[in-house]
Structures are given as C-alpha cells and as structure tokens.
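Please read the following with the model open beside the text. The account starts from the sheet, then turns to the strands inside it, the helices and the side-chain pairs.

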Amino acid sequence: MTKIQLVAQANLPTEYGIFKMVGFEFPDTKKEHVALVMGDISNSDEPVLARIHSECLTGDALHSLKCDCGFQLATALRQIKEEGRGVLIYHREEGRGIGLINKIRAYSLQDQGMDTIEANLALGFKADERNFEVCADIFELLGVKKVRLMTNNPEKVETMKKAGINIVERVPLNVGENRYNTKYLNTKAKKMGHYIIHNNEEHLMNCPHCQEEVMLDKK
C-alpha cells in the first residue's frame, strides 16, 4: 500500500487554544487522517507530548458515557495546551476499525450482555481491527522522533517502537469512568492488557457528567 501523504494544513482555533490542523491522505484509497499540532515540534531531540486518538463519534461528539473516548480526547487536548507544545493524531478508525454502523450493531449486542470484544467477534471482526502503523508514518512526516505518548494501550506503544518512533514515556490517561462504562474498562484491562486505574477520584471531583451520576446514585 502507498504510504500516507501530508496534503493540507490550516490554523484551527479551539477552546484549548490554536492548533495547526494537518490533513493526511492515502493517494490510492483517499482515506484521511488528521493531526492537531501546537507549538514548535521541529526539535527532533526534544520529546513531544502526543496522543493517538482513534475516532469515536459517539464519545467525542455525542458525549456518550459508554466509553472513555470523549474524556480522553478533551484531557489530551487540555494537557497539550498546558504543555504549550504537542501533537494529537486523530486516527480515523471508528469502532476499533469496524466502522460506525457496525459499531452500532456491536452496541446492540452489548445491550444483550456481550462485552466489546465478544460483540466484535460475533460480527465477524477481530477484537481490534485498527492499524496504528499509519500513525508512525504521520509522526515521521511531522518530524517527530521522540514521543511522550498519552495512552493506556500497550499495543500503541509497541507499534510505535517497532516503527522506529522512540517512546520515551507513557503518560497515563485514566479519565471518564462512570457506571455505564465500568464493564468496558474492565474488558480493556483484562482482555486487551490496557493499563486501567479505576475510580480516579481527581477526575470524579472535576467531571460534571460523573457528578451527575453520583447524585443519581444517591437518590
């Protein structure tokens, strides 16, 4: 397959500050990915705070509580803002690579008692269909060689290392736990080896969604 190419860029003002939005595209399939860049990342000797964030319409845009994706996206952008320098790769692999409609089908199976992995397998997919190698290519096109990667997923770390990206630090991103996604987080920890820390008290104190859940539980 032809490697992904950098094809467009423009400034993007957000509530987390002004980012440079960089568009990438595979010339043969036209599949697109995006990176948000803040600050000067041109010094290849200085590690860059970065997040590889797989697309999640339900969590990122619709504020679903079934996963921790939206919380992780907001936290990663906030931490990059606080650092004043960093990269967020928006990895367009919805539903761990199975697509939005199949993700809805998987949600339906989860409503019947399956976990996320069982649902994907029942639909004929692997537990995780994502290709993280493209993210290493994006880092290279951006000139990023050393990364402090915000993730709980060991596969992201290993894939980047194998591709020649020097992961100098894994920065935990344990946010967004609530009563709707505890099983989801348990599945990621037990079946996929993610580094999950439950009941992040600091997050619970500062998350309005979680405070609403606490109030509901007390009624």
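Two strands are taken to pair if DSSP finds at least two bridges between them. Strands (E, at least two residues) and helices (H or I, at least four residues) are DSSP runs, numbered from the N terminus. The model is a predicted one: local features need pLDDT of at least 70, side-chain atom pairs count only at pLDDT 80 or more, and totals for chains, interfaces and linings use all residues. Residues are numbered from 1 along each chain as its sequence is written, and side-chain values use heavy atoms, with hydrogens and water left out.

In which order do the strands of the sheet lie? The sheet is open and has seven strands, in the order β1-β2-β3-β5-β4-β6-β7, with mixed pairing. Its edge strands, each pairing on one side only, are β1 (5-14) and β7. On average, neighbouring strands are turned by 25° against each other, direction ignored; axes here are lines fitted to C-alpha atoms, for helices over the stretch in contact, and angles between N-to-C directions run from 0 to 180 degrees.

The mixed pairing can be followed strand by strand. Strand β3 (residues 32-38) is antiparallel to strand β5 (residues 86-91), with five bridges between them; L36 stands opposite L88 in this pair. On the way to β4 the sense is parallel: five bridges join β5 and β4, and A50 stands opposite V87 of β5. Strand β4 (residues 48-54) is also parallel to strand β6 (residues 146-150), here over three bridges. In β6, V147 is the bridge partner of V48, and R148 is the bridge partner of L49.

Is β4 enclosed or open to the outside? Seven of the seven residues of β4 are buried, so the strand is largely enclosed by the rest of the structure. Buried means under 20% relative accessible area, exposed means over 50%, and partly exposed is in between (1.4 Å probe, protein chains only). In a regular strand the side chains alternate between the two faces of the sheet. Both faces of β4 are covered, with V48, A50, I52 and S54 buried on one side and L49, R51 and H53 buried on the other.

Beyond β6 comes β7 (residues 166-171), which runs parallel to β6 and is joined to it by five bridges. V147 stands opposite I167 of β7.

Helix α6 (residues 133-142) touches β1, β2 (17-25), β3, β4, β5 and β6, and its direction makes about 145° with that of β5. Helix α7 touches β4, β6 and β7, at about 165° to the direction of β7.

R148 makes one with E83, with closest N and O atoms 2.6 Å apart. R148 is in strand β6 and E83 in helix α2 (residues 69-83), so this pair ties together parts that are 65 residues apart in sequence. E83 is partly exposed, at 40% relative accessible area. R148 also forms a salt bridge with E169, at 3.0 Å between the closest N and O atoms. E169 belongs to strand β7, so that pair ties β6 to β7 across 21 residues of sequence. E169 counts as partly exposed at 35%.

Another salt bridge joins the side chains of D115 and K191, at 2.6 Å from N to O. D115 is in the loop between α4 (100-111) and α5 (116-122) and K191 is in helix α8 (residues 182-192), 76 residues apart. D115 is buried at 7% relative accessibility, whereas K191 is partly exposed at 48%.

Technical notes. A salt bridge is a side-chain nitrogen of Lys or Arg within 4 Å of a carboxyl oxygen of Asp or Glu. Contact means heavy atoms within 4.5 Å.
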